[in-house]
Amino acid sequence: MTRKISKSRIINLITLLHIPPTTALSTSPNNTTMSSKLRPLKQILPQTPRHWVGDGFHVHPVFASKAFTEELSPFLMFDYAPPTYFEPGHPRGVGRHPHRGFETVTVAFQGEVEHQDSVGNSDVIKAGDVQWMTAGRGIIHQEYFSKTFAKAGGTLEMCQLWVNLPSKDKMVKPGYQPILERDIPSVELYATSQADDCASKSESVGKVRVIAGSFHGTKGPASTFSPVELWEVILPTPNNVVDLPFPEHYNCIVFVRRGKASIVGENTAHEVGPQSVALMEKKGGILRVRGDEDDSSLLVMGGLPLNEPIAARGPFVMNTWDEIAQASRDYQFGNFGS
Ligand code: MN
């Protein structure tokens with residue numbers, strides 16, 4: 001019997017020998033620096049108390065005090081509305097309001113959200129769909145439950161992420177990308193073979209839905225202004241360890257949407273509870289995770305830090321306070337949203 005040396009065994013050997021990452025075996029799906037070192041955990045952000053956004057979205061402000069800091073760049077903010085049942089009634093949500101200088105990314109997990117904006121986009125996003133809206137120089141929109149969903153009642157679960165725009169793109173024309181469930185590619189996940197076995201890679205233990213960026217060469221449909229990764233990682237059964245190559249010089253954030261998961265290190269495993277966040281150190285090219293409960297689901301996100309000042313007030317995110325004041329004036333005088 002030929003005993004094949006698994007790639008993870010080679011990687012373990014390389015780690016032991018302290019060979020610099022640049023010479024280590026690595027997979028580089030998108031031509032970015034990728035070492036085979038495990039990415040260490042920096043900090044766990046616990047679940048935060050909920051608050052209402054409009055009368056429709058009862059959200060956890062997931063990033064808590066880290067929101068709008070360079071530490072999460074290019075991500076700015078993250079609201080997560082866990083599964084909540086709504087009786088049949090009027091469409092709940094948030095009325096007309098402006099945005100400038102960034103993008104809002106809405107993911108519907110259950111229920112339906114309807115969007116209408118000042119540049120003429122009108123759309124319903126359903127479970128599994130993603131709406132990637134570029135506010136750019138200015139947009140006015142409203143976000144409500146869809147009429148059909150409101151009338152029937154049901155469970156709503158969604159999230160909204162704010163992704164910053166590089167300074168040079170803050171005043172771009174507003175844009176809108178409706179990304180349907182069927183347009184989001186899914187990549188099978190296989191358990192990481194441990195050093196003491198030669199586990200076959202025959203059985204999938206989960207999948208990655210690639211919304212933005214790329215995973216093992218599969219590209220997500222979202223078009224972004226700076227390098228951004230956004231993946232939904234689904235781990236149906238517990239106790240499988242999976243390796244997720246993640247560009248080393250990107251910020252990396254793991255949100256446990258459902259179930260429980262652990263961030264696995266060389267000799268450690270840190271459990272991350274439901275609706276908590278693991279902020280990862282900016283080193284190591286492999287994010288190693290393990291589902292700890294049935295039907296665990298994570299959002300893995302990150303990107304190249306913009307390294308630009310962040311001035312954020314209400315619905316505007318610019319680089320300077322003068323630009324924020326200008327945004328307020330432009331909105332008040334109606335020079336917005338066309
Ligand atoms: Mn909005």
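β2 and strand β3 (residues 57–61) pair in the antiparallel sense, with three bridges between them. Two strands count as paired if DSSP finds at least two bridges between them. Strands are DSSP runs (E, at least two residues), numbered from the N terminus. Tryptophan 52 stands opposite histidine 58 in β3.

The model is a predicted one, in which local features need pLDDT of at least 70 and side-chain atom pairs count only at pLDDT 80 or more, while totals for chains, interfaces and linings use all residues. Residues are numbered from 1 along each chain as its sequence is written.

β2 and β3 belong to an open sheet of seven strands, ordered β2-β3-β4-β11-β6-β9-β12, with antiparallel pairing. At its edges lie β2 (51–53) and β12 (175–179), each of which pairs on one side only. Neighbouring strands of this sheet are turned by 25 degrees against each other on average, direction ignored; the axes behind such angles are lines fitted to C-alpha atoms, and angles run from 0 to 180 degrees between N-to-C directions.

A further open sheet, also antiparallel in its pairing, has seven strands in the order β1-β22-β19-β24-β17-β14-β13. Its edge strands are β1 (41–45) and β13 (186–190), and each pairs on one side only. From one strand to the next, the twist averages 25 degrees. Within this sheet, strands β19 and β24 run antiparallel, and valine 254 stands opposite valine 300 in β24.

| Strand pair | Bridges |
|---|---|
| β2 and β3 (residues 57–61) | three bridges |
| β19 (residues 251–258) and β24 (residues 296–303) | seven bridges |

Technical notes:
Helix = DSSP H or I, 4+ residues; strand = E, 2+ residues; numbered from the N terminus.
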